[in-house]
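Let's take a walk through this structure together, starting with the whole fold and then settling on one pair of neighbours.

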Amino acid sequence: MNKTGMMLVLVVMMLGVAYATSSTALEIVATLTGLLSVWLTAREHIWAWPIGLVNVACFFYMFWEVKLYADMTLQVFFFILSIYGWIIWLTKRGSDKVRPTRRIQLAMAVILLISLVGVSAGWGYWLDHYTDASIPYVDAFIATLSLIAQYLLSNKVLENWYCWLLVDVLSIGMYAYKGLYAVAFLYVIFLAIAAMGLYSWRKQWSAREMADLASAKADYSIK
């Protein structure tokens, strides 16, 4: 089965789950645009960004309805980072369709790890004491990690996929607990696509590294 056929199968599966769980029209639109956006992202397609903006708007309203306020607030940041990512992917791309993949630097990794711990704890505390959030600390941790993953994705950093894999695993449990079964199932698919994205991006990055190394050796030989 080719990639387009696989995508159609996933869409049909999502519609089947949505029907079986009596999902709302908004939840169906949110899950389908989310599926398409992540699928296109894994394939490094620039249309992932505009479709992602529609998905963000749907999820913002949906999370407000079920009182997942950290996830709701997260959509605002996602909207901004999606526009940012759309621009970044189209810069410094040379002859390629999008900017080449790069790896995370140690300094950035340390800063993001410290931010994950600090922001999750502070955000969770605020949600726990000043809102009627359902599962404040879990919600805050997933939201913060998602924000970090989105930042790395917008900057075309390979390690974004490792973050998304963890986000997907935790989200499956959280959304199932909240009764959002279609969304939970969507994250099962996201998990599979994230694994595919990691493999694809890593393969592309390795190929580019090998090509750059070969080019450097050729230049050195000429000199």
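From the N terminus on, the elements of the protein run α-α-α-α-α-α-α-α. That gives 8 helices and 0 strands. Keep in mind as you look around that this is a predicted model.

Of the 223 residues of the protein, 44% count as buried. The accessible surface comes to about 11,800 Å², and carbon and sulfur atoms hold 70% of that area. Among contacts in the protein with a separation of 6 or more, 70% are between residues 24 or more positions apart.

Now turn to helix H3, residues 48-65. Buried residues of H3 include Trp49, Pro50, Leu53 and Phe63. Just after H3, Lys67 takes a positive phi of about 65 degrees.

Which angle does helix H2 make with H3 where they pack? Helix H2 (residues 25-42) packs against H3 at about 145 degrees, and the two axes are 8 Å apart. The crossing of these helices, H2 and H3, is left-handed. On the H2 side, the contact is made by residues including Leu26, Val29, Thr33, Leu36 and Leu40, while H3 brings Ile51, Asn55, Cys58 and Met62, among them. The residues of this contact of H2 with H3 divide into 12 nonpolar, 6 polar and 1 charged.

Notes:
Residues are numbered from 1 along each chain as its sequence is written. This is a predicted model: local features need pLDDT of at least 70, side-chain atom pairs count only at pLDDT 80 or more; totals for chains, interfaces and linings use all residues. Side-chain values use heavy atoms; hydrogens and water are left out. Helices (H or I, at least four residues) and strands (E, at least two) are DSSP runs, numbered from the N terminus. Buried means under 20% relative accessible area, exposed over 50%, partly exposed in between (1.4 Å probe, protein chains only). Contact means heavy atoms within 4.5 Å. Accessible areas come from the Shrake-Rupley method with a 1.4 Å probe; for residues, only the protein chains shown count as cover. The expected span of a helix is 1.5 Å times one less than its number of residues. Axes are lines fitted to C-alpha atoms, for helices over the stretch in contact, and angles run from 0 to 180 degrees between N-to-C directions. A crossing is left-handed if the near helix is turned anticlockwise from the far one by less than a right angle, and right-handed if clockwise. Ala, Val, Leu, Ile, Met, Phe, Trp, Tyr, Cys and Pro count as nonpolar, Asp, Glu, Lys and Arg as charged, and the others, Gly among them, as polar.
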